Amino acid sequence: MKGRNMTRWRDPAKDPRQEPKSNLITAEGAERLRGILDHLSRVKRPALSTKVGEAAALGDRSENADYTYNKKELNRVIARIRYLTKRLDELQVVDRLPADTGKVFFGAFVTLEDEEGEEMRIRLVGHDETDTTKRWISVDAPLAKALLGRALDDEVTVAAPGGESTYVITEIDYRDPQA
């Protein structure tokens with residue numbers, strides 16, 4: 001049987017998607033998720049409900065593209081609201097600095113230098129707030145796991161798809177969550 005719903009079988013014990021994700025999030029990340037949830041609940045869902053009602057009033061729903069599209073979009077928004085509500089209840093907001101700011105912990109901005117001397121600045125954040133454009137990586141990522149607990153001038157080796165990469169920690173910085 002072939003079809004778009006068929007997927008390759010993966011051993012659950014070895015599947016990286018089955019690894020438990022940390023439930024940590026920064027205070028600004030939690031606030032952003034609450035803002036998205038509020039927008040979806042107060043603005044997007046009522047507007048889509050109105051559109052679905054207007055399209056349904058036009059008659060035959062089986063050939064009504066406006067009704068079908070808006071109904072699917074409404075169901076997607078409801079699912080997202082349900083997910084965000086549940087996820088926000090699970091998350092643990094980290095709203096204070098670690099006791100030792102000289103080491104890499106959750107929420108740290110870390111500047112790394114590779115073998116060629118190029119610098120890269122990353123931030124260790126929760127799974128829900130990763131952003132590749134800002135270079136915010138999940139605390140569950142292999143690079144982040146290798147960095148946790150390390151101090152300034154420590155050398156870190158990480159297995160990457162292209163081979164092992166070695167970095168030196170040149171700067172560790174934290175933003176004060178209370179500021």
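Which residues gather in a patch of positive charge on the surface? They are Arg32, Arg80, Lys134 and Arg175. Such a patch is made of residues with over 30% relative accessible area and no salt bridge, like charges being joined within 9 Å and nonpolar side chains (Val, Leu, Ile, Met, Phe, Trp, Tyr) within 5 Å. Lys and Arg count as positive and Asp and Glu as negative, while His and the chain ends are not counted. The place of a charge is taken as NZ of Lys, CZ of Arg, CG of Asp or CD of Glu. Accessible areas come from the Shrake-Rupley method with a 1.4 Å probe, and for residues only the protein chains shown count as cover.

The structure is a predicted model, in which local features need pLDDT of at least 70 and side-chain atom pairs count only at pLDDT 80 or more, whereas totals for chains, interfaces and linings use all residues. Residues are numbered from 1 along each chain as its sequence is written, and side-chain values use heavy atoms, with hydrogens and water left out.

In an unreviewed UniProt entry, residues 24-93 carry the annotation "domain: Transcription elongation factor GreA/GreB N-terminal". This span, residues 24-93, is 80% helix and 7% strand, and its end C-alpha atoms are 6 Å apart. The unreviewed UniProt entry also gives "domain: Transcription elongation factor GreA/GreB C-terminal" for residues 101-174. Residues 101-174 are 8% helix and 43% strand, with the end C-alpha atoms 7 Å apart. UniProt positions are given in the numbering used here, feature names are shortened, and annotations may be inferred rather than shown by experiment. Helices (H or I, at least four residues) and strands (E, at least two) are DSSP runs, numbered from the N terminus.

Tyr83 is placed in helix α2, and its C-alpha atom is separated by 9.5 Å from that of Leu37, 46 residues apart along the chain. Tyr83 is partly exposed, at a relative accessible area of 41%. Asp66 also has its place in helix α2. From Asp66 to Val110 the separation is 44 residues in sequence and 49 Å in space, C-alpha to C-alpha. Asp66 counts as partly exposed because its relative accessibility is 42%, and the limits are under 20% relative accessible area for buried, over 50% for exposed and in between for partly exposed (1.4 Å probe, protein chains only).

The next topic is salt bridges. A salt bridge is a side-chain nitrogen of Lys or Arg within 4 Å of a carboxyl oxygen of Asp or Glu, and by this rule the count comes to eight. In one of them, Glu28 pairs with Arg123, the closest N and O atoms being 2.9 Å apart. This pair links distant parts of the chain, since Glu28 is in helix α1 (residues 27-56) and Arg123 in strand β4, 95 residues apart. Glu28 is partly exposed at 37% relative accessible area, whereas Arg123 is buried at 4%.

Another salt bridge joins the side chains of Arg87 and Asp128 (2.8 Å, N to O). Here too the pair links distant parts of the chain: Arg87 in helix α2 (residues 65-90) and Asp128 in the loop between β4 and β5 (136-138), 41 residues apart. Arg87 and Asp128 are both buried. Through salt bridges that share partners, Arg87, Glu90 and Asp128 are joined into one network.

Asp38 and Arg42 are separated by about one helical turn because they are four residues apart in helix α1. Asp38 is partly exposed, with a relative accessible area of 38%, and Arg42 counts as exposed at 64% relative accessibility.

Most residues other than glycine have a negative phi. Arg135, although not a glycine, has a positive phi of about 65°; Arg135 is found in the loop between β4 and β5. Asp153 is likewise not a glycine and has a positive phi of about 70°. Asp153 is found in the loop between α3 (142-147) and β6 (155-160), and is exposed at 59% relative accessible area.

The surface also holds a negative patch, formed by Glu115, Glu116, Glu118 and Glu155. Glu118 has its place in the loop between β3 (109-113) and β4 (119-125), and counts as exposed at 55% relative accessibility. In the positive patch, Arg175 is one of the members, and Arg175 lies in the segment after β7 (163-173).
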